[in-house]
Amino acid sequence: MRHHDHDMAGGQLGHACGPGYATPRDAMKGPRERVIYTVAVRVATGAERPDYLATVDVDPASPTYSQVIHRLEMPYVGDELHHAGWNACSSCHGDAGKERRFLVLPGFRSSRIYVVDTRDERAPRLHKVIQPEEVLRWGLSAPHSVHCLADGHVMVSMLGDAEGRAPGGFLLLDQDFEVEGRWERDTSGMSFNYDFWYQPRHGVMVSSELAAPVTYAGGFSLEDVAAGLYGQRVTFWDWQERRVQQTFDLGEAGLVPLEVRFLHDPDSTHGYVGAALSSTVWHWHKPNGHWEVEKVVAMDPVEVEGWPFPVPPLTVDLLLSLDDRYLYLSNWLHGDVRQYDVTDPARPRLVGQARLGGVLGDVPEVHGTRLRGGPQMLQLSLDGRRLYVTNSLLSSWDEQFYPEIGRQGSHMVRLDVDVERGGLSLAEDFFVDFGAEPGGPARAHEMRYPGGDVTSDIWV
């Protein structure tokens, strides 16, 4: 296999991109978001139409506020659009030749990758399609997380090999969105793959583990967990050498670690990973020159009538505010979103909580509609005051745990954030119902801003 062998921005502290912000605090002063993009999935909803990228108006002064104002349908059916990332972000701040313009949008199920041109931010158009054959030839499938690199490349975590088996790896796209090859020199020490985040000033990347596509694609099974077919480790990579440096086995208290986040401060070695099934949050840092990982949040399962086992919260998403003061997480089964003060990164303090559905009852209504499913993906405004939430996880898992999402569609809501003292409140003036979409109900998942993201911008 051919690898990308030149310096992957490690140590290039002055190398940056035009659309980015010099520091995270500069980003917080950026303009208020006007629109937000979310993927909308039609897999397993009964509609023989493609997935699409929905543009949602989030400007309260606009006459189309809280509405889907544009739908960019993909040219193929059955992709399962899932996550996305920009071609350029704050890791390339200062390079006038770079522009945060193209959204890289993978099909989680198809292994097809779309590139979307957002020059017209209210009506994006399709720029390029990377067909599955171009991805599978590198022995990779199931693209998930997307991050821009400071040298203009785009990197995508891949959860499977060409047959959908573990461990997967990492795919590189060049500046023209051509598949360049694999990032990692080998996968020794890697069992599964999922999310990743890099911190070049410390020469490190961290990745997490879900399972092989052949395991999770058809639905969730506790027997698969017991058989060791789901992950429980976080992996630290040498950023320059592109090899596994160290792994931490989180054990039964860290089953299925998903989203990983370093603090936005590029000097910091602090970061977090949320273990979904165990419903715990783990903190890592590097005191005395060595990485350490410790459990800092644990949430208990609850007995629910009709369930054969105590129901875990199922922590499925996690993000940090740009000032690194607050950590947010979503519990898809218990149905709550939580806000923690992480001023002391090793001692998160719960300061806000809002219930947005779930299996525990006490489900709120917005615009007269009872919320369906539970909170899944999160996206925070740059100023930290508005937290947007969607409720679809994965089509096959939705069908298993919340079949009403397939029948009635997904939705997007907003939580208003008290950034001074902490606190979350459900906004009554904002509700996007993906059950009323042309062509039938759709499932909303990850969200992105044209002006930059709390969950994608990395500083070097």
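Colleague: Which residue in the turn between E14 and E15 has a positive phi?

Modeller: This is a predicted model. E14 and E15 form a hairpin, with four residues between the two strands. In that turn, a positive phi of about 60 degrees belongs to Arg242.

Colleague: How many bridges pair E14 with E15, and in which sense?

Modeller: E14 covers residues 233–238 and E15 covers residues 243–249. Within this pairing, Arg233 stands opposite Asp249 of E15. The sense is antiparallel, and the number of bridges is six.

Colleague: Which residue of E14 is the bridge partner of Met205?

Modeller: E14 also pairs with E13, which spans residues 204–207. That pairing is antiparallel and runs over four bridges. In E14, the partner of Met205 is Trp237.

Colleague: Why is E14 described as largely enclosed by the rest of the structure?

Modeller: A residue counts as buried when its relative accessible area is under 20%. E14 has six residues, and it is largely enclosed because the number of them that are buried is five.

Colleague: Is Ser207 buried or exposed?

Modeller: Ser207 is found in strand E13. Its relative accessibility is 1%, and the cut-off for burial is under 20%, so Ser207 counts as buried.

Colleague: With which side chain does the side chain of Ser207 make a polar contact?

Modeller: Leaving aside neighbours within four places in sequence, Ser207 is in contact with several residues, including Arg233, Val234, Thr235 and Trp237. Phe170, Asn193 and Val260 are also among them. The polar contact between side chains, at 2.9 Å, is with Trp237.

Colleague: How far apart in space are Ser207 and Ile405, C-alpha to C-alpha?

Modeller: In sequence, Ser207 and Ile405 are 198 residues apart. In space, the C-alpha to C-alpha distance between Ser207 and Ile405 is 30 Å.

Conventions
Residues are numbered from 1 along each chain as its sequence is written. This is a predicted model: local features need pLDDT of at least 70, side-chain atom pairs count only at pLDDT 80 or more; totals for chains, interfaces and linings use all residues. Side-chain values use heavy atoms; hydrogens and water are left out. Buried means under 20% relative accessible area, exposed over 50%, partly exposed in between (1.4 Å probe, protein chains only). Two strands pair if DSSP finds at least two bridges between them. Contact means heavy atoms within 4.5 Å. A polar contact is a pair of N or O atoms within 3.5 Å; within protein, one must be able to donate a hydrogen and the other to accept it, and residues adjacent in sequence count only if both atoms are side-chain atoms.
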